[in-house]
Amino acid sequence: MTTIAIAYHSGYGHTAVLAEAVARGAAAGGAEVVRIAVDTITDEQWAQLDAADAIVFGSPTYMGTASGAFHTFAEATSKRWFTLAWKDKLAAGFTNSASKSGDKLHTLQFFTVLAAQHGMQWIGLDLHPGWNSTTASEDDINRLGFFLGAAAQSNNDQGPEGVHKADIATAEHLGERVAKQAAVQVAGRAALGL
């Protein structure tokens, strides 16, 4: 069984809803899942990240990038960078903001650069955009049309209950995709004796 770690920060609970959705999708894809809130990370949880086959990064988008708490975590990963501890692990990401765009792409790009610096392999979202025609609706999966990862929009005057159901479904899809790709990678390494 593969292990997927979800390393995330949630300022007001919206991103935690997405982390739960990613976890459900990864479990449905056959993986064991650990969720790690990076603002309270423990030594044991660092070890879980090191042992995971894939790490999915998640953060709200604040002021055009990941939250300060996530940036603190990202900087702390430099201890792993020095030893290439996460080299060849799979990586993916998700984010949320109040605006439809909200510069979420920049947060996802930040995650991809972080993963690339660690020598990780990025898993994008394999979905066409949803809500982009007269026959489409905001209830379509990947309604915001992101490819690098799962992106969600939640109204700033609603709590976690306001996370859109289509965005939750998109996050679940991402989790399942990562789990399946991790299973392929683990099986491939075993077959090749790596």
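The largest nonpolar core of this predicted model contains 29 residues, of which Ile4, Ile6, Val56, Phe94, Leu174 and Val178 touch the most other members. At least two residues of this core come from each of strand E1 (3-8), helix H1 (14-28), strand E3 (54-62), strand E5 (90-97), strand E7 (150-153) and helix H6 (165-192). The most is given by H1, with eight residues. Across the whole structure, seven salt bridges are found.

**Nonpolar cores**

- Not counting residues up to four places away in sequence, Ile4 touches Ala26, Ala31, Glu32, Val33, Val34, Ala54, Val56, Val178, Ala179 and Ala182.

**Nonpolar surface patch**

- Tyr12, Tyr62 and Met63 make a nonpolar surface patch of about 440 Å².
- Met63 lies in the loop between E3 and strand E4 (65-66).
- Met63 counts as exposed because its relative accessibility is 85%, where exposed requires over 50%.

**Surroundings of Ser97**

- Ser97 belongs to strand E5 and counts as buried, because its relative accessibility is 6%.
- The side chain of Ser97 is joined to that of Lys104 by a polar contact of 2.8 Å.
- Beyond residues up to four places away in sequence, Ser97 touches Thr61, Gly102, Lys104, Ala152, Gln153 and Ser154.

- Glu172 and Arg24 form a salt bridge in which the closest N and O atoms are 2.8 Å apart.
- This pair connects helix H6, which holds Glu172, with helix H1, which holds Arg24, across 148 residues of the chain.
- Glu172 is partly exposed at 28% relative accessibility, and Arg24 is likewise partly exposed, with a relative accessible area of 41%.
- Arg80 and Asp50 meet through their side chains in a salt bridge with an N to O distance of 2.9 Å.
- Here the linked parts are helix H4 (residues 78-83), with Arg80, and helix H2 (residues 43-51), with Asp50; the two residues are 30 residues apart.
- Arg80 counts as buried at 15% relative accessibility, whereas Asp50 counts as partly exposed at 29%.

**Salt-bridge network**

- Arg143 forms a salt bridge with Glu138, with the closest N and O atoms 3.8 Å apart.
- Arg143 counts as buried, because its relative accessibility is 3%, whereas Glu138 is partly exposed, with a relative accessible area of 36%.

How values were computed. Residues numbered from 1 in each chain as written. Predicted model: local features only at pLDDT ≥ 70, side-chain atom pairs only at ≥ 80, totals over all residues. Heavy atoms only, no water. Core = buried A, V, L, I, M, F, W, Y, C linked by side-chain atoms within 4.5 Å. Buried < 20%, exposed > 50% of the residue type's maximum accessible area, 1.4 Å probe, protein only. Helix = DSSP H or I, 4+ residues; strand = E, 2+ residues; numbered from the N terminus. Contact = heavy atoms within 4.5 Å. Patch = residues over 30% accessible without salt bridge, like charges linked within 9 Å, V, L, I, M, F, W, Y side chains within 5 Å. Areas by Shrake-Rupley, 256 points an atom, 1.4 Å probe, with all protein chains shown as cover. Salt bridge = Lys/Arg side-chain N within 4 Å of Asp/Glu carboxyl O. Polar contact = N/O pair within 3.5 Å; in protein donor to acceptor, adjacent residues only side chain to side chain.
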